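The following note sets out points on the ligand site and on selected backbone features. Please read it alongside the sequence and the structure.

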Amino acid sequence: MKILVAVKRVVDANIKVRVKTDQTGIELANVKMAINPFDEIAVEEAVRLKEAGTATEVVVVSAGTAQSQEVLRTALAIGADRAILVDTNEELQPLAVAKLLKAVIDKEQPQLVLLGKQAIDDDSNQTGQMLAALAGLPQATYAAKITVAEGRAVVAREVDGGEETLSLSLPAVVTTDLRLNEPRFVTLPNIMKAKKKPLDVTSPADLGVDVAPRLKTLKVAEPAKRSAGQKVPDVAALVEKLRNEAKVL
Ligand code: AMP
């Protein structure tokens with residue numbers, strides 16, 4: 001079984017993002033970038049399925065600038081076998097990424113396609129769903145557990161107040177949630193080994209995909225500052241303030 005995993009290069013989750021002064025987007029100059037955390041979980045899951053003998057090959061794919069090779073190398077260091085970069089300097093929106101991934105699926109014919117549930121930069125939570133629709137494949141989002149057997153994937157999904165379990169025929173698209181696994185620590189020898197693994201470069205034109213943006217960002221703004229809290233001496237004073245100042249009682 002071949003598994004295809006989509007990984008995106010995003011601002012590192014530990015960095016506090018800053019809005020550009022002209023409000024056209026987020027400041028990306030000299031900002032630490034990393035593999036999207038949910039995609040790291042997806043790669044870890046694919047590699048575990050390979051280690052368990054369920055999968056035979058793990059292919060990782062990223063769409064973006066040449067710098068996206070960094071996150072592909074991270075995925076290779078976790079244990080993926082080979083990587084594909086869809087090289088473009090265009091701004092990529094979820095629909096464009098889904099179309100590119102659909103073209104890669106057509107070429108690679110994977111049995112399982114794993115994505116993160118969302119990219120932590122745009123928080124779109126759209127690509128996996130759009131890809132499943134475009135490719136005509138069954139989908140399970142927010143996976144907390146994946147078991148593959150006899151041509152099917154059984155996926156426990158995180159839903160409000162509990163878990164829902166789905167059985168999908170393969171090939172299928174699954175998006176990962178936080179509790180699926182804890183990605184391993186990437187060791188130096190594996191980082192060195194990853195440098196020698198194959199990384200193919202293609203382009204949206206090679207894949208026959210038009211990635212022109214469909215949405216226009218009008219403005220990006222910081223959230224409104226919260227005003228400072230107040231300490232009150234007792235419950236009576238709190239009730240008085242809620243009633244007369246906040247007027248919520
Ligand atoms: P989003 O719909 O933007 O929240 O992204 C959901 C998932 O789609 C991510 O966790 C990735 O697995 C995948 N994805 C989004 N953008 C890209 C990209 N440029 N390259 C590869 N995978 C991507």
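1. Helices (H or I, at least four residues) and strands (E, at least two) are DSSP runs, numbered from the N terminus. The model is a predicted one, in which local features need pLDDT of at least 70 and side-chain atom pairs count only at pLDDT 80 or more, while totals for chains, interfaces and linings use all residues. Residues are numbered from 1 along each chain as its sequence is written, and side-chain values use heavy atoms, with hydrogens and water left out.

2. Which side chains place an N or O atom at 2.5 Å or 3.1 Å from an oxygen atom of the ligand? For Asp39 the distance is 2.5 Å, and for Asn36 it is 3.1 Å. In Thr127, a polar side-chain atom lies 2.7 Å from a ligand oxygen. The protein buries 99% of the 490 Å² that the ligand exposes when taken alone (Shrake-Rupley method, 1.4 Å probe).

3. Strands β7 (residues 139-149) and β8 (residues 152-159) pair in the antiparallel sense over six bridges (pairing requires at least two DSSP bridges). Lys145 has Ala156 in β8 as its bridge partner. The two strands form a hairpin with two residues between them, and Glu150 in the turn has a positive phi of about 45 degrees.

4. Strand β8 also pairs with β9 (residues 162-169), in the antiparallel sense and over eight bridges. The bridge partner of Val159 in β9 is Gly162. Two residues separate the strands of this hairpin, where Gly161 takes a positive phi near 75 degrees.

5. The peptide bond from Leu170 to Pro171 is cis, with omega near 0 degrees; Pro171 belongs to the loop between β9 and β10 (172-176). Gln109, although not a glycine, has a positive phi of about 50 degrees, and is located in the loop between α3 (94-108) and β6.

Conventions. Polar contact = N/O pair within 3.5 Å; in protein donor to acceptor, adjacent residues only side chain to side chain.
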